[in-house]
Amino acid sequence: MQPQIAAPAIEFRDVSYRVGTTQVLAGLNLRVARGETLVLLGRSGSGKTTTLKLVNRLVLPTAGEILVNGASNERTDVIRLRRGIGYVIQEVGLFPHFTVARNIGLVPKIEGWCADRTLSRVEELLQLVGLPAEIASRYPHQLSGGQRQRVGVARALAANPEILLMDEPFGALDPLTRDDLQREFLLLQQRLNKTVVFVTHDLREALRLGSRIALMEAGKLVTVLSPQEFVKSTDPWAAAYVRAFGDGVESAANRGAS
Amino acid sequence: MNRRGPSLIVLLAVGLVSCSPSHPDRIVVGSKNFTESFILGELIAQQIEAHTSLKVERRFYLAGTYISQQAILAGRIDIYPEYTGTALTAILKEGAHGDSAAVHQRVKSEYERRFGLTLGPALGFNDTFAMEIRGEDARRLNVRTLTQAAQFSPLWRAGFGYEFMERPDGYRGLVATYGLHFAEQPRIMDLGLLARALKNRQIDFAGGNATDGLIPALDLVVLQDDRHYFPPYEAVPVIREQTVREHPEIARVLGDLANEISDEEMQRMNYAVDGQHRDTQDVVREFLRAKKLAP
Amino acid sequence: MNVLQFIVQNRAQFFDLTGEHLWLVGWSTLLAMVVGIPLGILIAHRPRLSNPVLGSANIVQAIPGLALFGFLLPVPWLGARSDRMAILALTLYALLPIIRNTYTGIRGVDPAALEAGRGMGLTDLQLLFQVELPLAVSVILSGVRIAIVISVGLATIAAAIGAGGLGEFIFRGLAMVDNRVILAGAIPAAILALLADFGVGWLERRLRPR
């Protein structure tokens with residue numbers, strides 16, 4: 001199921017997470033290879049968002065450990081950990097009182113980059129995410145949903161982190177914009193080769209974007225497959241997913257990344 | 001934009017906070033809220049104006065001993081006229097003990113030690129509490145002293161000022177010392193109204209002041225404090241030590257006023273303002289000229 | 001107008017009293033901000049504390065002003081000087097609006113922005129000063145505005161215990177049964193309150209996040 005990966009970027013070892021009487025995650029073992037896009041697929045309550053948040057310690061496990069770049073993420077200073085990991089969420093969470101430029105440039109600024117370096121990085125990133133340069137001086141409330149999420153991605157990439165965590169980033173967008181952003185994500189990944197953990201409940205998105213899909217159900221990891229393997233899989237949960245999403249799924253698998 | 005807001009507020013707060021009560025270029029003379037106090041305050045004010053180059057501001061009508069004390073402690077006023085007995089019992093909260101000179105000395109040394117305030121020399125009269133009854137009653141019952149009056153107290157309705165009721169050297173001690181038993185709870189009223197209320201038979205026994213101008217005018221008799229319950233109440237100026245340091249000429253002006261006002265003279269000035277409704281400033285000016293204290 | 005004439009004739013004292021009034025309001029508002037804003041931030045981050053803290057501030061509000069002065073009288077150091085008591089009493093009254101508005105303002109910050117910020121590696125302090133406070137400042141200011149307006153009114157009573165201020169004119173006018181004097185204290189106090197209301201309100205609007 002999981003090929004031996006040399007020096008994984010992220011590793012979950014027997015990770016469990018419990019809240020009160022609810023076992024949100026149980027016995028999770030997962031490796032994420034450097035440069036791959038691992039999609040966490042599952043329905044609501046499957047534990048996929050919690051899994052994501054365990055990486056940058058927004059959530060702490062009740063058992064087991066998470067290793068980032070080989071080191072337990074509990075031993076690393078949490079601020080340094082998070083500054084080295086990009087984080088993109090569905091609501092985007094841009095700072096409404098900052099311009100686009102200040103939003104994107106926040107982490108560089110607090111990392112002590114000088115103003116010029118930050119400025120050129122902001123310009124570079126805007127280009128990278130397909131936004132016009134003059135948008136830099138606008139405020140979030142003046143942007144469309146799609147533009148906002150592009151800024152969110154740019155912000156996450158600002159300090160050039162190796163790892164990117166994305167929690168259903170395109171879920172709140174209309175289908176056309178979603179399609180645009182998915183396409184651009186693929187192009188970006190080709191260029192940048194980041195290690196991405198991508199959460200979604202949309203099989204089509206998973207098949208299109210992921211190099212591997214980790215299917216989760218009720219806090220357990222069901223299976224980890226490549227997109228092509230997934231659509232042909234006989235695993236009951238995977239098959240159920242494929243059925244639920246109907247036609248066109250196969251082509252989505254083939255349009256995708258690896 | 002993010003920085004400007006908070007710094008503006010801090011600036012505003014600092015600005016407000018620096019409106020402190022000091023006033024280096026003027027002398028503020030205070031007084032309490034009854035006629036005699038205005039007259040004394042006005043007297044001090046006019047003397048300072050006449051004999052120094054200082055500008056004087058008047059802050060009269062301070063509502064009582066406590067408020068006057070607070071005002072001078074805070075530096076809102078520099079001088080105000082007080083009475084040694086009041087200072088001793090109401091402010092220093094010590095027991096009353098007879099001799100004028102001892103009381104004056106005690107008050108002066110304690111004020112200097114505890115409050116940074118000092119006393120000028122006594123102005124000359126003793127405005128002790130005066131327990132008054134109507135002249136006709138005094139003559140009819142042949143009553144001259146408080147001890148004699150005690151036996152008639154159950155027949156009388158009494159009236160006192162608010163402070164007298166509350167002060168340790170006031171009502172409670174008086175009643176205890178002389179065994180007074182008034183028919184009902186005493187009426188509490190403004191000092192200025194006591195004399196008339198007594199005259200008009202609304203009350204039969206009034207706790208006024210010895211230098212009330214209306215005492216002779218309304219044929220009222222002051223009962224003698226034969227058991228010496230009340231401490232002496234010499235009128236003295238209370239002044240901030242800092243003010244004296246900064247303006248030593250004031251000490252000289254106050255020295256000139258020492259012992260210049262007798263009981264009768266104070267009574268006459270009180271009557272001029274209370275009974276004849278003359279202007280306080282005029283009355284004081286006249287007095288100073290007559291005494292050759294004013295230029 | 002008679003009141004105006006009276007003020008002009010006694011302008012030195014009028015300025016003194018106004019200055020004293022502002023001094024009382026200034027100090028108490030400053031202290032209330034220094035204590036209240038951090039408290040508001042604390043309970044916004046630890047909602048379990050919000051009930052006891054807001055509840056206590058509410059109880060203080062329920063105590064009538066003059067009574068509060070009376071409670072403070074026997075306290076050493078504080079009770080010795082009426083301006084200290086007045087400032088403490090005014091500060092206590094100003095706390096509730098400031099704490100409550102700080103709490104509301106900070107709770108009102110978009111949780112998604114906070115999550116994104118935390119995920120990006122902002123420290124708690126950085127989140128507070130770069131995100132939460134700037135976004136909450138308008139609401140906090142609104143609490144400060146309410147506090148100032150309350151203080152200006154309450155400070156008029158402070159004169160009753162000898163703390164000075166425009167209330168001195170009011171009480172004197174009452175004792176003298178002279179309307180001019182009463183108004184010479186009451187009208188400027190009301191004007192001060194209105195000025196504070198407009199002034200801080202203007203600032204609030206300028207700082208409101210888009």
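1. Let me start with chain A as a whole. Of its 258 residues, 47% count as buried. Please keep in mind throughout that this is a predicted model.

2. On overall dimensions, a compact globule with 258 residues would have a radius of gyration near 18 Å, and chain A agrees, since its value is 18 Å. Taken along the principal axes, the C-alpha atoms of chain A fill a box of roughly 55 × 45 × 35 Å.

3. Chain A is built from 11 helices and 10 strands. If you look at its contacts with a separation of 6 or more, 69% of them are between residues 24 or more positions apart.

4. Which strands pair with β3(A)? One is β8 of chain A (residues 195–200), which runs parallel to β3(A) and is joined to it by 5 bridges; here L38(A) has V197(A) as its bridge partner. Another is β9 of chain A (residues 212–217), also parallel to β3(A), with 4 bridges; in this pairing V39(A) stands opposite I213(A).

5. Chain B has an open sheet of 5 strands with mixed pairing, in the order β7-β6-β8-β5-β9. Its edges are β7 (187–188) and β9 (220–223) of chain B; each has a single partner strand, so one side of each is left without a neighbour in the sheet.

6. Within that chain B sheet, β5 (residues 129–134) and β8 (residues 205–209) run antiparallel and are joined by 4 bridges. E132(B) stands opposite A206(B) in β8(B). Helix α10 of chain B (residues 191–199) lies across β5, β6 (158–160), β8 and β9 of chain B, at about 145 degrees to β8(B).

7. Finally, have a look at V131(C), which is found in helix α7 of chain C (residues 124–158). Is V131(C) buried or exposed? V131(C) is buried, because 25 other C-beta atoms lie within 10 Å, against a cut-off of 20 or more. Leaving aside neighbours within four places in sequence, V131(C) is in contact with F95(A) as well as with V109(C), A113(C), L114(C) and G117(C).

Conventions. Residues are numbered from 1 along each chain as its sequence is written. Chains are lettered from A and ligands numbered from 1 in the order in which they are written. This is a predicted model: local features need pLDDT of at least 70, side-chain atom pairs count only at pLDDT 80 or more; totals for chains, interfaces and linings use all residues. Two strands pair if DSSP finds at least two bridges between them. Helices (H or I, at least four residues) and strands (E, at least two) are DSSP runs, numbered from the N terminus. A residue is buried if 20 or more other C-beta atoms lie within 10 Å of its own, exposed if 12 or fewer, and partly exposed in between; C-beta atoms are placed from the backbone. Two residues are in contact if their C-beta atoms, placed from the backbone, lie within 7 Å. Axes are lines fitted to C-alpha atoms, for helices over the stretch in contact, and angles run from 0 to 180 degrees between N-to-C directions. The radius of gyration is taken over C-alpha atoms; the globule rule is 2.2 Å times the number of residues to the power 0.38.
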